[in-house]
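Dear colleague,

Please find below the structure I am handing over to you.

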Amino acid sequence: MPRILLSFLACLSIAHGATAELKIYPPAIALAGKHDSSALAVVEERDGRTVAEQTAKAKLAIGNPKVAKLDGGRILPLADGETTITATVNGQSASAKLVVTGTAKPTAWSFRHHVEPVLTRSGCNSGACHGALAGKGGLKLSLRGYDPESDHFVLTRQALARRIDGSEPENSLLVKKAAKLMPHGGGERLPEGSADFNLMLDWIRAGAPGPSSTDATLAGLEVFPKASLLKPKDALRLVAIAKYSDGTTRDVTRWCKFSSSDDLVAGADEHGAIAVNGHGEAAITANFGTSLATVTITSTFANAVDDAVFAKSPRNNLIDEHVLAKLKLLRLPPSDQCSDSEFVRRAFLDTCGLLPKPGEVDAFLKDSRPDKRAKLIDALLERSEFVDYWTFKWSDLLLVSSRKLPAPAMWAFYRHIRQGVADNKPWDRFAREIVTASGSTLANGAANYFVIHKDTTDLVESTTVTFLGTNINCCRCHNHPLEKWTQDQYWAIANLFGRVGLKNGDRAGEVFVQGLPTGDALHLRRGEPMPPTPLDGQALALDAPGDRREHFADWLVVPTNPYFAKAIVNRVWKNYFGRGLVEAEDDLRASNPPSNRELFDAVTKDFVEKKFDVKHLMRTILNSAAYQRSSKPNAANAADDRYYSRYLVRRLNAEVLLDAYSDVSGVPTAFNKLSLGPTGGERAEGSFPAGTRAMQLPDSLLISRFLDAFGRADRLQVCSCERTVDSSVTQALHLNNGVTLNDKLRDPKSRVAAWIKEKTADAEIVSQLYKLALSREPTAAERAKLLPLLAEAKTEAERREAVEDLMWAVLTSREFLFNR
């Protein structure tokens with residue numbers, strides 16, 4: 001059956017029984033002034049999603065033609081008044097209210113609300129043009145218009161950069177260069193006679209008025225239609241409406257910057273025209289000024305799947321309800337549940353970073369209780385290896401290392417984190433103790449957070465990524481080019497940490513951290529302190545007494561904080577599913593929406609209601625049918641890498657892999673050398689006795705070429721990009737020729753040596769090796785292939801070499817290296 005027909009049938013199955021309703025967007029249209037105008041979109045909607053655009057086919061009529069008229073698909077004002085605009089398609093009609101005001105007044109173009117958006121939309125103040133750090137051609141504008149006051153001064157008053165000619169507006173460089181009526185390195189940006197060209201010229205003719213303190217401020221952006229269910233080759237036009245603090249609204253579609261989270265699914269051109277290119281979901285983001293909004297474009301996969309497939313799929317908890325709803329919408333059938341042997345290995349590795357022992361596997365496989373998986377999950381969450389694994393995870397996040405901490409302080413911070421994991425300390429309390437830590441860094445290990453991040457800018461940037469999953473680094477120098485965060489907000493939150501003092505103690509490695517009564521972080525551009533304010537939070541008076549960090553912590557951990565709980569939920573989710581609900585795991589922002597928003601909201605809500613209980617979150621994930629699915633794709637979900645129709649196969653982390661090699665070979669890894677960091681060199685380190693696991697190391701400077709090759713985190717910056725799980729040629733060479741694995745196999749105390757010494761039968765060696773490494777028995781085909789090879793060895797030396805080769809082959813196999 002042709003793919004197009006399959007896609008059509010899939011869409012029909014979703015829409016079965018539902019009637020499409022005609023809608024006009026925006027639902028209410030307001031025009032202010034004789035030069036204002038608005039676009040509109042006429043669409044068919046079903047179950048709250050647009051399924052077809054009908055603007056071109058619609059017959060449009062304005063109730064009172066004296067109030068407004070239609071011109072090329074836009075509504076133009078004629079006179080003040082209220083009326084309606086009606087669209088009719090195939091006998092169906094829809095109406096929207098239309099209000100026109102201010103037509104009797106002369107048009108007053110605003111520098112802030114009209115001129116800056118034109119400059120931004122045209123790319124004049126982009127980083128590649130006059131918004132660059134040094135500007136271009138003698139003209140320096142603020143990046144994407146974040147400083148209108150400065151831009152107006154530069155354009156109208158600055159001696160060498162002025163681009164306005166008040167006496168002869170038509171000769172102003174601002175319009176002549178933009179229209180390329182004279183040489184311009186940036187090419188034509190505003191064609192002569194275009195609406196934006198005329199706007200700029202009219203503004204200059206009016207005296208080029210600047211921004212005013214009485215200007216309404218941009219309060220938000222809304223884009224229509226908000227959700228669409230379309231198919232490849234469909235098209236859709238968006239309409240973006242800006243909302244201002246004085247209650248007015250304006251169509252700003254032509255001044256928005258549009259982008260797509262996945263152009264392979266749906267792309268957006270500069271005018272907000274959407275083209276559906278493939279299957280899946282894409283978020284289209286519209287940026288205007290300091291506001292942005294996203295809409296979702298869903299394109300179902302070309303799979304004819306009976307609804308019974310989703311109805312019969314197991315639902316173990318709230319996760320499965322939302323995952324299956326998304327899979328049903330996309331027509332992605334879930335894979336079957338994984339086998340018990342697959343589950344036990346997977347759960348051990350994901351929860352404890354540990355391979356299960358053969359006896360543990362056998363006991364689990366023989367267990368006949370229907371809830372044995374839930375029982376195993378409960379047991380894993382109480383193991384000491386669980387504490388090792390998650391202490392290691394949070395030490396990565398918090399940059400525990402002797403790079404910036406003396407050894408005693410490093411150990412104090414590590415032990416503080418470990419105790420928090422062992423106690424299952426609620427995440428809100430765990431975070432609060434760190435961001436408000438005071439006193440001796442040896443007595444209160446959490447205080448070392450402020451020793452690692454001594455600089456205020458490093459502190460605020462690291463804290464927002466660590467606990468909010470949000471990067472605001474760009475805002476140190478200018479407004480974020482793609483997000484809503486501003487430079488003023490950056491320096492306001494930075495000033496919450498402007499009074500942290502450090503003083504050396506009497507003991508080696510000891511520092512005392514304390515809140516100071518005075519001190520501020522000064523705004524980089526203004527040179528003055530901003531009122532200490534969390535992101536979108538309540539401001540604190542500059543002269544307010546007490547430790548400002550307490551105000552930050554109160555805002556941080558409040559259940560209604562839209563970032564805090566989601567940041568940790570996404571990190572934990574990524575550990576278990578191999579992909580965050582938002583990817584990358586520490587890139588939570590409006591323009592990078594989750595793959596399943598309803599699922600993300602539901603899991604976060606449950607986590608908060610359970611008092612930020614991290615083990616509860618893990619237990620919920622582990623018990624879900626989504627987590628317990630097979631990694632084997634079926635014919636219809638092989639292309640899915642983000643909707644959890646199957647378990648995503650991924651390579652083991654460097655430390656997990658090294659410990660697994662030690663466990664299977666029977667030879668522990670020695671950690672006895674410490675790098676001296678940027679100073680170069682190394683020294684002997686005797687703090688770690690034989691048998692210490694890589695997962696138990698508190699310091700990333702312990703020398704291990706294996707861990708380096710397989711992508712361990714350096715703990716230099718708070719970024720998930722520090723750790724890599726991609727395969728590389730270096731890793732292949734290390735396994736083939738490196739000393740780590742080969743020395744373990746050749747070691748006289750290795751498991752191979754024990755098997756040879758005890759004259760263990762070939763069949764038993766194969767069976768034990770598979771259970772140790774892969775948590776399963778070898779198949780009959782594998783036995784039939786391997787046993788004859790081992791039988792060819794005649795001498796003890798030949799037999800040892802054959803067994804070493806066998807173990808090497810298993811330990812470098814894809815099945816061993818990857819969790820599946």
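Cys 352 is a buried residue, with a relative accessible area of 2%. This comes from a predicted model, as does everything that follows. Cys 256 is likewise buried, at a relative accessible area of 1%. Cys 352 takes part in no disulfide, since the nearest cysteine sulfur, that of Cys 338, lies 16 Å away, and a disulfide requires two cysteine sulfur atoms within 2.5 Å. For Cys 256, the closest cysteine sulfur belongs to Cys 124 and is 17 Å away, which is too far for a bond.

The structure does hold one disulfide. This bond joins Cys 719 to Cys 721, with an S to S distance of 2.2 Å. The link is right-handed, with 130° about the S-S bond. Cys 719 is partly exposed at 26% relative accessibility, and Cys 721 is partly exposed at 48%.

Turning to the strands, there is an open sheet of three strands in the order S3-S8-S7, with antiparallel pairing. Strands S3 (38-39) and S7 (68-71) stand at its edges; each has a single partner strand, so one side of each is left without a neighbour in the sheet. S7 and strand S8 (residues 74-77) run antiparallel and are joined by four bridges. Ala 68 stands opposite Pro 77 in S8.

The count of salt bridges comes to 62.

- Arg 205 and Asp 202 form a salt bridge whose closest N and O atoms are 3.4 Å apart. The two are three residues apart in helix H5 (residues 195-205), and are therefore separated by about one helical turn. Arg 205 is partly exposed, with a relative accessible area of 45%, and Asp 202 is partly exposed at 27%.
- Asp 488 pairs with Arg 526, the closest N and O atoms being 2.8 Å apart. Asp 488 lies in helix H16 (residues 487-494) and Arg 526 in the loop between strand S23 (511-515) and helix H17 (548-557), so this pair ties together parts that are 38 residues apart in sequence. Asp 488 is partly exposed at 24%, and Arg 526 is partly exposed at 40%.
- Glu 804 and Arg 800 meet through their side chains in a salt bridge of 2.8 Å, N to O. They are four residues apart in helix H28 (residues 796-811), about one helical turn.

Finally, a network of salt bridges links Asp 362, Lys 771, Glu 777 and Arg 783.

With kind regards

Methods:
Residues are numbered from 1 along each chain as its sequence is written. This is a predicted model: local features need pLDDT of at least 70, side-chain atom pairs count only at pLDDT 80 or more; totals for chains, interfaces and linings use all residues. Side-chain values use heavy atoms; hydrogens and water are left out. Buried means under 20% relative accessible area, exposed over 50%, partly exposed in between (1.4 Å probe, protein chains only). Two strands pair if DSSP finds at least two bridges between them. A salt bridge is a side-chain nitrogen of Lys or Arg within 4 Å of a carboxyl oxygen of Asp or Glu.
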